[in-house]
Amino acid sequence: MQTRQIILFIAFCLVTPLATAAQTAPPDATFSAWVAGVEKRLTPASFSRDLRTTAKVEAFRNEVVSVQLAVRSTEPLEPFEASCSANTGGAERSFPCEQIEIRYPGFILVDETEGYVYDPLFEKPPERLPANSTQPVWLTIHVPKTAEPDVYHDTIQVRAGSQAASFDIYVRVLDFTLPDPSDGSFYLNIWQDPEAVARYAHVPLWSEEHWKLLEAYARDLVAHGQKSITTSILHDPWRTQTGNVYPSMVEWRFPGTWRLGEEGKFQFDYTVFDRYVELMMKAGVQKTIHCYSLVDGPGHSPDCDIGYRDTKTGLFRIRHTTVGDDWYGKAWAAFLPNFVRHLKEKSWLEKTYIGFDEKPQEILNGVLAVLKTSAPGLKIALAGGSSSQQSAAVGDLTIYYDDLARPAIVQRLLEKRRGVGPTTFYTACAPYSPNVFLYSPLWEARMLPWIAWRQGLAGYLRWAYETWPDGLWKQPRFRWHSGDMFFVYPGERGPISSTRWEMLRQGIQDYEVLTLLEKQLEELKKQPAKVNAGGKIEKSLREVVGSGIERDDCENIPDLGAARLKINRLLADAMGKPMTEPSPYTSNVRIQSRFSPEGFTPDGNLDKEVWRQAEWVRFAHDMSGQKSFPEAATEVASFWTANYVYFAFRCKYTTLNIYEGEDPAKERWELWNRDVAEVFINPEPERVNHYYEFEVAPNNQWIDLEIDKDKDPFNDTGWDSHFEHATRVDEMGKVWTCEMRIPVSTMNVPHINADAEWRINFYRADGPGGDSQRRFMSWSTILEGRTFHVPTRFGIIRFVKQ
């Protein structure tokens, strides 16, 4: 077992009622634990009526999937410990724990709701869990590009003092591969603010310490699909609207005080600009370079303050200009041709755009006239430019979210722009919903790429990635809604991610899947024999996307997770490899039962040759797999004949706990309240909840039951299998043995076929005392640790004939 220990200040609640006294672990109402949907934003007051601790998700190869867990306690708790466990030796596949990030959402106060919400994802757990408070746990699972299609099973184990519980995580990896984020089709353009990184790290701007931090931020942007580099060519192009100056990455220099007509003396230092672009490109952001700007933005102001370094005095001077005046025109006539030459030298001209942020047409007209004269080769990026006269021809266009309410107009615009450049949409301080504010439901962040795909748009733009106001941790709201200015938080070594940022990434991956399906449907249209089938899939696709993002008038909660599952299946149909539904069984541990031409009547003696040749399995842990009981180690073997299946148990013990003085020939109800060896066997695995139970005690008392968990009561005490059994007890060696012979015809099976696979589990109940003192053990683990009757955790018995 591979284990990574992580301190976690949480605890779990085992509150499911007992099924039978000897087959369950006792509950404790102090703790509760559950799998919370990743699209739910939790608060310290969150709770759940569904306390399942098993999560099942689907993923493509090269996809990153998130799982959100939650725990709650009625008492303050410390310390706690959590770990990821991967199965390295069994038949089940699992991911190495290095591929599963465990992070802890921290709370931040939000004015809009007058309460705390969880958003930043910390690597370290909180120091304590307050009483009557909920703590989420966020898992980020990185599915390798080389992963084989299969179900992968890992556990997140949590210990709190003497309490222990596990989350059971199953990831079904499908036979599809997502492109690397840098190669994906979704055009993510989140504006960056490098100055904020230096300010919060308390390091000099553009120092080596600053550049080192920026590398970490660049890697994070690439991992989430960023495609555009945000640069500044003008001092403070957003007029300190965030409370801090946005410095130019190009240093304008002039020998003395700039006088009109002396613009030829300007010099331009591109050192910072070049290094930032190169840093981002090296990380993988290579599609576009957006340069802000030739006018202050956003809004109706025509102002453009030219900041420059006086090389005679070393002073930084600012000359106020406005679009259309002589100072403005001559300054940019000096800069723009020089800038174009530099971009050509760096081979960046084709991907460089002069960016404009929400500027009205009357101001754009003056700016574009200067561009046309001084730098006709430079392309333009308009954010909020859907009503601009240049909308159809601009190289990179971002339209308002509100414009999407007029789909016919949007479609006409897209037709005009076909082959021109990308068209995206953006949200900012509006709309209220959908958006990515700190109080926004997390499904809204995931929905944004779905909206882009449905409208035929290339992607999504937003300011900003890390424009943090001063005092962020105490007050995340600055002029606009809380969270409007940032996706990530400042960390010591790089960005601290957020639940919103992770859900946006999930939506981008959904967009890539939708795009794969769209391309496959285009291929089907080229094949006459498959046109009809493709049309049906396309119709289903539109219905699924619509139902996924259209909010119901009553519930108002889209289910994008369910929509994604449907899209996966439509893609499989379009590719000609329909998906089979995943097995309800979540355990793949195996035992092999060999054929024997002859059988025998059980006598409890395991020295027979057939047992020497058999394959044995061993277990010495409780049913959850967390506690080890070497003193009760158990070995099991099996063989079969045409009409019978045989089992042998070799059971260590310390003290026998049996019913004394009773007739072992009679069936004993509640035998499980004493020491027993048990076999639960399902010869018809498709009937998951229907199986057979066989128990034998050290003194050869017995019980057999037919189980159907779809009925109430689920155990049929009148059923009789006529199975035979015998035991022996070695008091000196502290071992008791058992043989069972079960006629398969009584289990609704006429005979055993070679290579057949049934479902099975083996158990021990051992030791004196009450349930809290006894040992309840299983071969295939049951991570909830509450009852033996979890048929989905049955392993596999394969009947071989050699």
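This is a predicted model: local features need pLDDT of at least 70, side-chain atom pairs count only at pLDDT 80 or more; totals for chains, interfaces and linings use all residues.
Good morning, colleagues. Five strands make up an open sheet, and their order across it is 2-4-8-6-7, with antiparallel pairing. The edges are taken by strand 2, residues 31–36, and strand 7, residues 115–122; each has a single partner strand, so one side of each is left without a neighbour in the sheet. On average, and with direction ignored, neighbouring strands of this sheet are turned by 30° against each other.

Within that order, consider strand 4, residues 64–73, and strand 8, residues 133–142. These two are joined in the antiparallel sense over 10 bridges. As one example, serine 73 has serine 133 of strand 8 as its bridge partner.

Which strands does helix 8 touch as it packs on the sheet? Helix 8, spanning residues 499–525, touches strand 4, strand 6 (100–110), strand 7 and strand 8. The direction of helix 8 makes about 145° with that of strand 4.

I turn now to the helix pair. Helix 10 covers residues 560–574, and helix 8 packs with it at an angle of about 25°, the axes being 10 Å apart. Since angles under 35 degrees count as roughly parallel, helix 8 and helix 10 are therefore described as roughly parallel to each other. Their crossing is left-handed.

From helix 8, the residues making this contact include Val513, Leu514, Leu517, Leu521 and Leu524. Helix 10 contributes, among others, Arg564, Ile567, Leu570, Leu571 and Ala574. Sorted by class, the contact between helix 8 and helix 10 comprises 10 nonpolar, four polar and two charged residues.

Thank you for your attention.

Terms used
Residues are numbered from 1 along each chain as its sequence is written. Side-chain values use heavy atoms; hydrogens and water are left out. Two strands pair if DSSP finds at least two bridges between them. Helices (H or I, at least four residues) and strands (E, at least two) are DSSP runs, numbered from the N terminus. Axes are lines fitted to C-alpha atoms, for helices over the stretch in contact, and angles run from 0 to 180 degrees between N-to-C directions. Contact means heavy atoms within 4.5 Å. Angles under 35 degrees count as roughly parallel, over 145 as roughly antiparallel, 65 to 115 as roughly perpendicular and the rest as oblique. A crossing is left-handed if the near helix is turned anticlockwise from the far one by less than a right angle, and right-handed if clockwise. Ala, Val, Leu, Ile, Met, Phe, Trp, Tyr, Cys and Pro count as nonpolar, Asp, Glu, Lys and Arg as charged, and the others, Gly among them, as polar.
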